[in-house]
Every structure is written in C-alpha cells, then in structure tokens.
Amino acid sequence: MAKDSRQVDAITRRDTDFTQWYTDVCVKAELIGYTTVKGMFVLRPYGYAIWENIQKELDGRFKATGHENVSMPLFIPESLLQKEKDHIEGFAPECAWVTMGGNEKLEERLCVRPTSETLFCSHWADVVHSWRDLPKLYNQWCSVVRWEKTSRPFLRHREFLWQEGHTLHATPEEAIAETEQQLETYADLCENVLAMPVIRGCKTDKEKFAGAERTYTIECMMHDHTALQGGTSHYFGNGFPTAFDIAFSDKNNQLVHPYETSWGLSTRIIGGLIMTHGDDNGLVLPPRVAPIQTVVLPIAQHKEGVLDAARALADRLGAMGIRVKVDDSDQSAGWKFAQYEMKGVPLRVEIGPRDIEKNECVAARRDTGEKTVISLDTLEDSIRALMDDIHNNMYAMAKKNMEDNTFEAETVEEVKKIVDGKGGFVKTKWCGSTECENAMKERAGVTSRCVPFVQDGKTGVCPICGKQSVKTVIWGVAY
RNA sequence: CCGGGAUUAGCGCAGUUGGUAGCGCGGGUGGUUUGGGACCAUCAGGCCGGGCGUUCGAGUCGCCCAUCUCGGACCA
C-alpha cells in the first residue's frame, strides 16, 4: 500500500465516489485545466495529445473512404438556423448569440455554431446543381458551442472539439449506407484503438437528433455501469435539403432534392476512455491512443552507463514506431513510477545497473501491474507483443464489465430493481411507442440507449403496455 | 435552472470574542541519494474569489455576484 504519499491519497478511490474520482483523474493526470468562464476548459498538452491521436486515426479512415475536409464559418445567422423547424427547436435553448459587432448592434444576431448542418446545406444550395455534383462527402474538425447548464471535464463542455461529417447523396439508399458506414468507423475506432466495446444500434424517435429521420449510435458502458454515447450518425432523408432548397437535375432530367447525412464524435469520448479503463492509481490508456506508449526509466541514473543504456533502449523503441519517452529528471524512481501510472502510460521499462550487466530490462504493464524481465536481444518483439496484449486485455476487461452488467427484464419493477441496485444495461421488449418510453423513464428512471442492430427475433411483451412485441431495446442511465 | 458543500501561497488545509495571515506538501538553489512516491540545509512565494455594506478597523459579520463540486432537473 501507499505510505504517506499525498498524491495517491489526493485521488478519491474509484469505488468510493466515482464522479469525484473522475474529476480527480482529469486534473491530476494533467489532461484538463479550468478557466474563468464556466464550462470552458483548457485541454492541456497531455489531454490534447490524446485528442490528436484520435483525430489522426479517424481522419485517415475518413479520407480512405473518400471524405474531404473543409472549414465552415463559426457564426450562423438566426434566419439560417430557423429554416428547419425541428432543428431550431432542438438547439435554441443552448445557443450562444453574438449581438454586437464592435460598438454597433447587429442587424441580425448570430449564433455561435452548435453544429453546422445549416451551414453545409446553405453552401450546397449554391454549388449542387447536377447529379454529377454528387455525392458530397465533407468533414470538418472544429469546435462548437452549446450553452450547457452544468459542465464536466470532457463529458460536457460549453465549447468542445469534435469532427462533424456532412454528406449529400442522390439516393436514400446511398445516404443510409453512408450513415451506417460512418457508424462502423466509430465502432472500429472504439474497439480497435480505444479498447472500448460498443453496442451498435438506432436511437428511438424520442432520442434522435433534432431534424433527423434516423439516428444511429454506439453505446459504451463505463466502469460504474452508466452509459455513454460514443458517437452518432444521422440519416436526414431530404428534410434539410428541401428546407434549404438544395436541388439537382438527375439522370432523367428531373429536378429533385438530394439525401443528407451527418455524423460526429467529440472529445467526450476521452471522458469515456477515462471512465472505462481508469483505476485507483489514475488513468489507464490503451496503447494505440496513448501519447506516451512506453516510458523508459533509468534506475540509479547517476551511475556510469545507465543513462546511455536507457537512451539506446528508447532509440530502439522509437525506431520501431513506439511513442517513447526517457524520463531522466532527478525525481526519485518511486516518484516516477507513481507519476506515469497516474498518467496511464501503458508500459514502463526500467533499466538499471543490474539489468545492464545481464543484458535485460524490466517491463511493468499499467493494466495489470505485472512486471516481466525482458532480454535486450528480443526487445522489439517483446514490446510489440506486450502492446498488443495490453490492448486485448483492456478490451476484454471492459467487455466483461459490459456483459456482466447487461441484464434482461420483463417488467418495469425488474428494470427498476436492477437500475437502483448496481446499475447497468437492461434489455426488454418494447412496443415502439414514445408513451411507453416516457413511462419507463418516469417509473424506472432509465432512458432508452438504443435499439440494437443485433436482435434475438423472439416475441415478448412491452413491460409498460403489455403489447406483444418483437423489438428489443436497451435501457440505462446515461452520463 | 433547483438543492447541499466549497473558494485563504502552485496544491491540501488552519486561522479563536473582528486588530492587516500560518502549517504541511510542492517550487528554486547547494549537497547527499535513486529497483515503489528519498533526505539535509537554505530561499522565494498571499489585494484571503469579486463587489457593496456595517465598523476606528473585516479573512472573520451582512447582502449581492462569480466559479468549482456533489446531487436533481434538462440535454439535439
């Protein structure tokens, strides 16, 4: 156990108070900084580096599937925002408005973009005329502003970084295929980079995006069994294109409206990453997204040859593409151990005089704490295998948490009992009505997370109205 | 937006009946150390969250505001 070490004590234990633990990790791992404006956060270098890695992974996938990056304006004139009725109703309560330009009052107030559907549509109305102009496969990396009442690091910022993809297609089939493809890209990021298992599904009508015909989602389970939406992908039909008067001449020389999609993933996923994998010693990062994948710590570094050996070791790891850091600061070894555990570095490699003598080093993995002795002769192979093993183990542990805390229920009472107990996902049959969905929230305190793609096809009863239903829905408590 | 708690040095806190501020850690420097949060010496660091009031005098009392935090409501 830790002795009189205040840094360890300063972190609330995860199982004592999960939300407080979460805040502590964000601050102590140097991911986030507070500012003088409520809900506005600094992403510190270490936190931003995680986002950069997510960006890099996603951007490559977007481009590989034909998407192009663009940059849209920060401001949306009120009249433009109002063109689509459901959209403005959904977003109006959380818009920030600019009303002055210098000392002059503006003729029309400007909304700081909460999302950019209206801007993309307005632009497309100008440039899309022929079927030859389609599809448009656009994405932008930017920040958006939503004037939230309560804020929390990563999970709910008033300004947050994200990417928003917006695409326009000639046919509904093509647009739906795009929507599903992008959801799968998010699922791939979560599972293969972030080591977060997800459930793919559709949002109910009640939970879908303002103005969307259909919203797809990936749902993740946090360590405390609450749900977090990892990313969403929307199919709009031609509602927005009609409202914004986007029309093109098709191959039959008919003037028709195209079909639209949008999809987004934000820095909120970093909050999900923390809450999925973190432990009592702080952050635990999966190797593929970790800013530092391996930290090399020279032991007794003042002794002849130790620093050189550490640097040579790091050079070898760097040469094989590992993001590596040598910490040759004059902190004690114990301090460094704790520090890099707090920051979630997946692997720590120690090298000291005894190792040098035996042509070895010691590798300590963050996910299990396990230490192994590695021969320097097989360094590259061993580290590569460890990285993959850490990823796989982290994924497996998260998946086990999700599976162990996913239940089936037939009555509202059962749902409530599960949720009031240790929480988790609860599967029930559902008739599909918003009335029953609202009733479930009122009586059991849960919201629908999604209607999963994978259905058992069996028939049961809707726990609210008792109707025979084949559709399975997943309920949970969301962040 | 509603309710609870908080705001004094970088961090964590103390500060009595109102009399212009202290401790620990951290930081700098010099030295000894280094395989799980080292040690000695020394130095620096504060408009007591902001405003208004009461008072000869406010960290301390009153009112207002801001921010953080934990619940709840809301959340495309």
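**Conventions.** I worked with a predicted model in which local features need pLDDT of at least 70 and side-chain atom pairs count only at pLDDT 80 or more, while totals for chains, interfaces and linings use all residues. Residues are numbered from 1 along each chain as its sequence is written, chains are lettered from A and ligands numbered from 1 in the order in which they are written, and side-chain values use heavy atoms, with hydrogens and water left out.

**Entry 1, helix α10.** I noted 14 residues and 20 Å from the first C-alpha to the last, close to the 20 Å expected at 1.5 Å a residue (the expected span being 1.5 Å times one less than the number of residues). I then listed V306, A309, A310, L313, A314 and L317 as buried (buried is under 20% relative accessible area, exposed over 50%, and partly exposed in between, with a 1.4 Å probe and protein chains only). Seen down the axis of α10, the buried residues fall within an arc of 135°, so they line one face of the helix (the arc is that of the directions from the helix axis to the C-beta atoms). On the other side of α10 I found D308, D315 and A319 exposed. Among the elements that cover the buried residues are β15 (294-298), β17 (347-351) and α13 (379-404) (contact means heavy atoms within 4.5 Å). Just after α10, I recorded a positive phi of about 90° at G321.

I found that the axes of α10 and α13 come within 10 Å and cross at roughly 60° (axes are lines fitted to C-alpha atoms, for helices over the stretch in contact, and angles run from 0 to 180 degrees between N-to-C directions). The contact is made by L313, R316 and L317 of α10 with L379, E380 and I383 of α13.

I next looked at α3 (residues 45-64) and α7 (residues 172-192), which pack at an angle of about 145° with their axes 11 Å apart. Here I54, E57, L58, R61 and F62 in α3 meet Q182, T185, Y186, D188 and L189 in α7.

I located A333 in helix α11 (residues 333-342), where A333 counts as partly exposed because its relative accessibility is 30%. The C-alpha atoms of A333 and E350, 17 residues apart along the chain, are separated by 9.3 Å.

Note on methods. Helix = DSSP H or I, 4+ residues; strand = E, 2+ residues; numbered from the N terminus.
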